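Dear colleague,

I am passing on the structure we spoke about, and below it you will find my notes on what turned up in it. Please read them with the model open beside you.

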Amino acid sequence: PILERAYGAFLARLDQPYEVQEVCWKRSIPRGRGLGRSRCDPDGDFPDPGGALCYRACREGYTSDGVTLCWRNLFDVYSRGAGVPRSCQADEVEESSLCYKRCPEGYVGVGPVCWQL
């Protein structure tokens with residue numbers, strides 16, 4: 001009975017005219033979904049991705065093992081050392097561990113949206 005009364009009240013309201021309300025919207029620009037800090041700067045000192053880090057490129061004639069080592073053969077191997085954490089590109093900003101495009105002048109970024117100030 002309670003549900004029937006509530007449902008009946010809801011249906012009765014549908015027949016009543018409604019009043020248009022004004023809405024105030026801020027201007028906004030979508031900037032796409034954020035990407036994880038999963039990129040290495042190809043022109044930087046640590047261009048090679050390996051796991052969650054970026055590593056120095058292997059010397060000429062050597063092949064990367066995908067992480068820290070560079071090898072030519074079984075007996076000619078060297079370490080590239082510790083890598084550096086992956087980061088956002090120069091034209092991006094990091095928010096909540098994600099990389100987003102920078103907002104234009106006069107806008108502030110919140111997640112995937114640039115809101116006008």
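A charge is taken to sit over a ring if NZ of Lys or CZ of Arg is within 6 Å of the ring centre and within 35 degrees of the ring normal. Please keep in mind throughout that this is a predicted model.

By that criterion, the charged end of Arg59 sits over the ring of Tyr62, at 5.4 Å from its centre, and the charged end of Arg59 also sits over the ring of Tyr78, at 3.7 Å from its centre. The ring centres of Tyr62 and Tyr78 are 5.1 Å apart and the planes stand at 80°, so the pair is edge-to-face. Tyr62 belongs to the loop between strand 4 (53-55) and strand 5 (63-64), while Tyr78 belongs to strand 7 (residues 76-79), so the pair ties together parts that are 16 residues apart in sequence. Both Tyr62 and Tyr78 are buried.

Turning to the cysteines, the structure holds four disulfides, and, with bonded cysteines counted along the chain, they follow the pattern 1-2, 3-4, 5-6, 7-8. I describe some of them here.

One of them joins Cys40 to Cys54, with an S to S distance of 2.0 Å, and this link is left-handed, with -90° about the S-S bond.

Another disulfide joins Cys58 to Cys70, S to S 2.0 Å, and the torsion about its S-S bond is about -80°, so it is left-handed. It links distant parts of the chain, since Cys58 is in the loop between strand 4 and strand 5 and Cys70 is in strand 6 (residues 69-73), twelve residues apart. Cys58 and Cys70 are both buried.

A further disulfide joins Cys103 to Cys114, S to S 2.0 Å, and a torsion of about -85° about the S-S bond makes it left-handed. Cys103 lies in the loop between strand 10 (98-101) and strand 11 (107-110) and Cys114 in strand 12 (residues 113-116), so the parts tied together are eleven residues apart in sequence. Cys114 counts as buried, at 2% relative accessibility.

Key
Residues are numbered from 1 along each chain as its sequence is written. This is a predicted model: local features need pLDDT of at least 70, side-chain atom pairs count only at pLDDT 80 or more; totals for chains, interfaces and linings use all residues. Side-chain values use heavy atoms; hydrogens and water are left out. Rings of Phe, Tyr and Trp (its six-membered ring) pair if their centres lie within 6.5 Å; planes under 30 degrees apart count as stacked, over 60 as edge-to-face and the rest as tilted. Helices (H or I, at least four residues) and strands (E, at least two) are DSSP runs, numbered from the N terminus. Buried means under 20% relative accessible area, exposed over 50%, partly exposed in between (1.4 Å probe, protein chains only). A disulfide is a pair of cysteine sulfur atoms within 2.5 Å.
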